[in-house]
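Here is my note on the model you asked about. Please read each point with the structure open beside it.

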Amino acid sequence: MRDIATKSNTKEIIERHGFTFKKSFGQNFLTDTNILNKIVNAADLTDEVGVIEIGPGIGALTEFIARKAKKVVAYEIDPRLIPILAETLAPYDNVKVIHQDILKADVASMIEEEFKDVKEIAVVANLPYYITTPILMGLIEKKLPIDRYVTMMQKEVAERLSAKPGSKDYNALSIAVQYYTEAKIALTVPKTVFIPAPNVDSAVVHLTRREQPAVEVINEDFFMEVVHGAFKQRRKTLQNNLNQHFADLTKEEVTAILEEAGILPNRRGESLSIEEFAKLSNTFYQHLN
Ligand code: SAM
């Protein structure tokens, strides 16, 4: 079968439709069937898996998914791509394209309607890089029945999502993602496989939803607030960042709570494991409520 994603087919399709790339939509189309194979292999697709794709472009990845999965529902924001997708994906009767901004979509209702007869649900996408974090965090925090996410993004963001304590990339986003999922980089991808080539290197991240969050916290919003507070100024100690965050507490009170949590006040946020953050936020929560 003819692939959409070869360089020559991609050029032919966009020229024939007079399509021009929009930077503001993060449009960098994949033109490498090897990489596409690697992405769908990493996603473990079978005819029992329903897939949500974000930003199908001209359908390069969509058709690779459609060949293996039970069904693909793809959200595309750019109205100019809708008629192109109708043509390029015509051979596949298990694809549904929804013309909508993913950040405004009611994904929960879509899942109920479209994925009644699947055993697993995966998100597979070459994401628009300018909104990688809001897309992923939006879906993950809604606690939808999505089993895994296999998504391409800017390499720097991929490194943050999968970073371990003590590494330079470890930050509040690492903890937010790893609280709900197990994160690892599946492959790194050079700029040259895209048209047009982006300015940054890319990587595919594999997130598997945990059955239970990684740690037990009394209040999830409060936990994330404490994590953000602890990373506010990277070079500052926990004591300093948390003094600022909990402005109503005295310095002595913050020190006492840190000690009660078993965490030395002169440590930095980047050195704390997710378990230590849970202990820290639970101890603060108990003092304040
Ligand atoms: N999947 C295609 C590929 O791999 O060649 C295109 C990937 S391109 C990096 C990102 C796609 O996301 C574009 O088609 C763009 O129009 C679309 N997009 C950007 N913002 C979006 C949003 N908020 N909701 C849905 N799609 C969006």
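1. A definition comes first. A residue is called buried if 20 or more other C-beta atoms lie within 10 Å of its own, exposed if 12 or fewer do, and partly exposed in between, with C-beta atoms placed from the backbone. Asp 101 is exposed, because 10 other C-beta atoms lie within 10 Å.

2. On the source: this is a predicted model, in which local features need pLDDT of at least 70 and side-chain atom pairs count only at pLDDT 80 or more, while totals for chains, interfaces and linings use all residues. Residues are numbered from 1 along each chain as its sequence is written.

3. Overall make-up. The protein has twelve helices and nine strands; helices (H or I, at least four residues) and strands (E, at least two) are DSSP runs, numbered from the N terminus. The C-alpha atoms of the protein fill a box of roughly 70 × 40 × 30 Å along the principal axes. Of the 289 residues in the protein, 39% are buried. Two residues are in contact if their C-beta atoms, placed from the backbone, lie within 7 Å. Taking contacts between residues at least 6 apart in sequence, 67% join residues at least 24 apart.

4. An unreviewed UniProt entry gives residues 35-211 the annotation "domain: Ribosomal RNA adenine methylase transferase N-terminal". UniProt positions are given in the numbering used here, feature names are shortened, and annotations may be inferred rather than shown by experiment. Over residues 35-211 the chain is 32% helix and 28% strand, and the end C-alpha atoms are 30 Å apart.

5. The ligand. Which residues are closest to the ligand? Phe 29, Gly 55, Gly 57, Asn 126 and Pro 128 are the closest among the 23 residues that surround the ligand. Strand S1 (29-30), helix H3 (60-66) and strand S3 (71-76) each give two or more residues to this shell. A residue is near a molecule or strand if its C-beta atom, placed from the backbone, lies within 6 Å of it. By class, the shell has 14 nonpolar, six polar and three charged residues. Here Ala, Val, Leu, Ile, Met, Phe, Trp, Tyr, Cys and Pro count as nonpolar, Asp, Glu, Lys and Arg as charged, and the others, Gly among them, as polar.

6. The UniProt binding site. The unreviewed entry lists Asn 28, Leu 30, Gly 55, Glu 76, Asp 101 and Asn 126 under "binding site". Is Glu 76 buried or exposed? Glu 76 counts as buried, because 25 C-beta neighbours lie inside 10 Å. Glu 76 lies in strand S3 and, leaving out residues up to four places away in sequence, touches Gly 55, Pro 56, Leu 81, Ile 82, Leu 85, Val 97 and His 99. Asp 101, the exposed residue of the opening point, is found in the loop between strand S4 (95-99) and helix H5 (107-114).

7. Strand S3. Six of the six residues of S3 are buried, so the strand is largely enclosed by the rest of the structure. In a regular strand the side chains alternate between the two faces of the sheet. In S3, Lys 71, Val 73 and Tyr 75 are buried on one side, and Val 72, Ala 74 and Glu 76 are buried on the other. Two strands pair if DSSP finds at least two bridges between them. Strand S2 (residues 49-54) pairs with S3 in the parallel sense over five bridges, and Val 51 has Val 72 as its bridge partner in S3.

8. Strand S9. Six of the eight residues of S9 (residues 202-209) are buried, so this strand too is largely enclosed by the rest of the structure. Strand S6 (residues 148-154) runs antiparallel to S9 and is joined to it by seven bridges; Met 153 has Ala 203 as its bridge partner in S9. Strand S7 (residues 181-189) also pairs with S9 in the antiparallel sense, over eight bridges, and Leu 187 stands opposite Val 204.

9. Lys 184. This residue is found in strand S7. Lys 184 is partly exposed, because 14 other C-beta atoms lie within 10 Å. Leaving aside neighbours within four places in sequence, Lys 184 is in contact with Ser 162 and His 206.
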